[in-house]
Amino acid sequence: MDRNQFSEFYDENIQRVFRFIYLRVDTAETAQDLTSLVFLKFWQRQTIQKEKQSKKVLNPKAFLFQIARNQIIDFYREKSKKPLSLDYVGEIADFQIAKQTFIQKIELNFEMERIKKALLKINPLYADIIIWRYVNEMPNKEIAQILKKKEGNIRVILHRAMESLKKELE
Amino acid sequence: MNEKNLIEQLKEFKTIKPNNDWVNWLKANLLEIKFNNILERPKVRLVSFSFIKHRNFIPVLLGLFAIVSFSFAQVSLPGNILYPIKTLTQDTRIYLSSDQAKPMVRLEIAKSRMEDLSKIQNHEKEIKEMVKTINKDLELVPQEIKKINKKQVALDVSKNIQEKSKDLQGMADRIVLEENDKQELTKTVENTQSQVLALIIETTDEINQCPSFLSNNLIEISGYFADTDMKILMNQWSMSEVIKAKALLSEASESFKAGDCLTAMEKIESINQLLSILSLDVQVETSTSENLDEGSSIIPLTEESIEEKNY
C-alpha cells in the first residue's frame with residue numbers, strides 16, 4: 001500500500017474507527033489518541049511490508065479493526081478492566097478535548113447515553129460486534145474476518161449480544 | 001425496548017464523527033512519519049549449502065580431515081592404516097625435544113610402542129618392524145644421556161630413566177614374538193638398563209670428584225692472602241671486604257675437603273665478586289690434569305691470622 005492508497009483507505013475508515021473506539025472508551029480525547037495509535041500501527045505495518053517485502057495483509061480493513069480492538073484491550077489493561085462509573089460517563093457527554101487545537105464535541109441524547117453506558121458494561125466481544133454490525137453497518141462476513149470466526153458463529157454471537165444489551169438496558 | 005427500536009437507536013451513533021481538523025492533522029502527520037528501528041520478526045531461513053562454494057571451504061575441510069585422522073591415528077595399533085601417522089607423530093616428538101628431554105621422550109615412546117605390540121597377535125611383519133624400531137630407540141637412550149652437557153642434569157635424567165625403565169622387561173614379556181626376536185629385545189632392554197646405571201655411577205663420581213682447577217684456584221687465592229701484606233690489601237679493599245673474603249676462603253677450603261665441590265665453587269665465586277678478582281670460570285665438564293701442580297697444597301687460614309687483622 002503506497003501513500004495514495006493509504007490516504008484513501010484512511011479517508012474511508014477514519015470515522016468508523018473513531019466511532020468504534022469512542023463507544024468503547026470513556027472520552028473523545030481518549031478515542032482520538034487510540035485512533036491515532038491504530039492508524040499509526042497500521043501505516044507502520046504497511047511500510048514494513050513494502051520495505052522488507054514481507055507477507056502482504058490480505059484484508060486491510062479487518063486488520064485495521066483488529067488493531068483497534070487490541071488497542072482498546074491494552075487501554076483497559078493499563079487503566080482498569082472495569083468500565084467507568086455511570087456518573088463519570090454522564091459528566092463527559094459534553095466533553096472537551098485538548099488535543100492541540102482540536103476540540104471534539106460529541107452530543108448524545110439521553111437514550112444514546114444510556115446505550116453507551118450499557119455497551120461499556122456488557123461483554124466486550126458483544127459490544128464490539130454490536131458496534132460493527134449496527135453502528136458501522138459492517139456485514140457479518142467482514143466481522144467474521146476481523147474475529148477470524150465463521151460467519152454463522154457471528155450471527156449467533158450477535159443475537160446473544162443484543163439479548164445481553166437489552167437485558168442491561170432494562 | 002424491543003430489538004428493532006434498539007437497532008434504530010444504535011444506528012443513530014453513526015452521527016458521531018471526529019473533528020475534521022484533527023482528522024486532517026492526523027493524516028498529514030501519518031504520511032510524513034519515517035519509521036526507524038522497525039521491529040519485525042526474525043526471518044527463518046532454510047539451511048543453505050552455499051558455503052560449499054566458499055574459497056576456503058576445501059582447505060578447511062582438508063584441515064578438519066587431517067585433525068580427525070590424527071586423532072584416530074593416536075589410538076591405532078600396528079597393522080592399522082593410520083598407524084604410520086602415529087609413528088610419524090612419535091618420531092617428530094623425539095626430534096623436536098631438547099637434548100635434556102630427548103632421552104626420556106624416546107624411552108616413553110619406546111614403551112608406548114611396546115604397549116601397542118602387546119595388544120596385537122597377528123601382523124607378524126609389522127611386529128618385526130616395530131621391534132627393530134624399539135631396539136633402536138632403547139639403544140639410543142644412553143647415548144643421548146651422554147650428550148647432556150651439564151653433569152648434574154645428566155645425573156637427574158639418568159636416575160629418572162632408571163626408574164621409568166624398571167617395567168621394560170615385563171612389557172617385553174607381554175609381546176607375542178618369535179623366540180629370536182624376543183631374546184634380542186630382552187637383551188636390548190638389559191643393555192639399556194645397564195648402560196643407564198653405569199652412567200649414573202660415572203656421573204656421580206665425576207661430580208663428587210672435584211675438578212683439579214678448583215683446587216688450583218683455592219691454592220692461588222689462599223696464597224695471595226697469605227703472601228700479601230695487609231697494608232697492601234687495605235689499599236685495595238676495605239677491612240670488611242678482606243675479612244669477608246678470608247671467611248669465604250676458609251669455608252671453600254672446608255667444602256673442598258669434604259668433597260662438596262659445588263659449595264666450594266660457590267664460595268670462590270663469591271670471593272671473586274666481592275673483590276672483583278678475575279673470574280675463576282668454573283666448568284664442571286672440563287676437568288683436566290694439565291693445570292695440576294703436584295707440589296701445591298692448600299694453605300689453610302688460621303684463626304690467628306684472621307684475628308690479628310681484625311681491628
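The model is predicted: local features need pLDDT of at least 70, side-chain atom pairs count only at pLDDT 80 or more, and totals for chains, interfaces and linings use all residues. Residues are numbered from 1 along each chain as its sequence is written, and chains are lettered from A in the order in which they are written. Chain A has eight helices and zero strands (DSSP runs numbered from the N terminus, with helices being H or I of at least four residues and strands E of at least two).

**Chain A overall**

- Along the sequence, chain A reads α-α-α-α-α-α-α-α.
- Of its 170 residues, 34% count as buried (20 or more other C-beta atoms within 10 Å of the residue's own; exposed means 12 or fewer, partly exposed in between, with C-beta atoms placed from the backbone).
- Among contacts in chain A with a separation of 6 or more, 67% join residues 24 or more positions apart (contact: C-beta atoms, placed from the backbone, within 7 Å).

**Phe42(A)**

- Phe42(A) belongs to helix 2 (residues 28-52) of chain A and counts as buried because it has 25 C-beta neighbours inside 10 Å.
- Apart from neighbours within four places in sequence, Phe42(A) is in contact with Phe63(A), Leu64(A) and Ile67(A).
- The C-alpha atoms of Phe42(A) and Pro60(A) are separated by 8.6 Å, with the two residues 18 apart along the chain.

**Positive phi in chain A loops**

- Most residues other than glycine have a negative phi.
- Glu137(A) has a positive phi, near 55°, and is found in the loop between helix 6 (124-135) and helix 7 (140-147) of chain A.
- Glu137(A) counts as exposed, because it has 12 C-beta neighbours inside 10 Å.
- Lys148(A) also has a positive phi near 55°; its place is in the loop between helix 7 and helix 8 (151-169) of chain A.
- With 8 C-beta neighbours inside 10 Å, Lys148(A) counts as exposed.

**Helix packing in chain B**

- Helix 4 (residues 83-96) and helix 5 (residues 102-118) of chain B pack at an angle of about 165°, with their axes 8 Å apart (axes are lines fitted to C-alpha atoms over the stretch in contact, and angles run from 0 to 180 degrees between N-to-C directions).
- That angle makes helix 4 of chain B roughly antiparallel to helix 5 of chain B (over 145 degrees; under 35 is roughly parallel, 65 to 115 roughly perpendicular and the rest oblique).
- Their contact is made by Gln90(B), Arg93(B) and Ile94(B) of helix 4 and Lys102(B), Val105(B), Arg106(B) and Ile109(B) of helix 5.
- Helix 10 (residues 212-227) and helix 12 (residues 239-257) of chain B pack at about 145°, with their axes 11 Å apart.
- Residues of helix 10 of chain B in this contact include Leu214(B), Leu218(B) and Phe225(B), while those of helix 12 include Leu249(B) and Phe256(B).

**Helix 3 of chain B**

- The 17 residues of helix 3 (residues 57-73) of chain B should span 24 Å at 1.5 Å a residue, and its end C-alpha atoms are 24 Å apart, which agrees (the expected span is 1.5 Å times one less than the number of residues).

**Interface between the chains**

- The contact takes 25 residues from chain B and 34 residues from chain A.
- Helix 2 of chain B gives the most to the side of chain B that touches chain A, with eight residues.

Note on methods:
Two residues are in contact if their C-beta atoms, placed from the backbone, lie within 7 Å.
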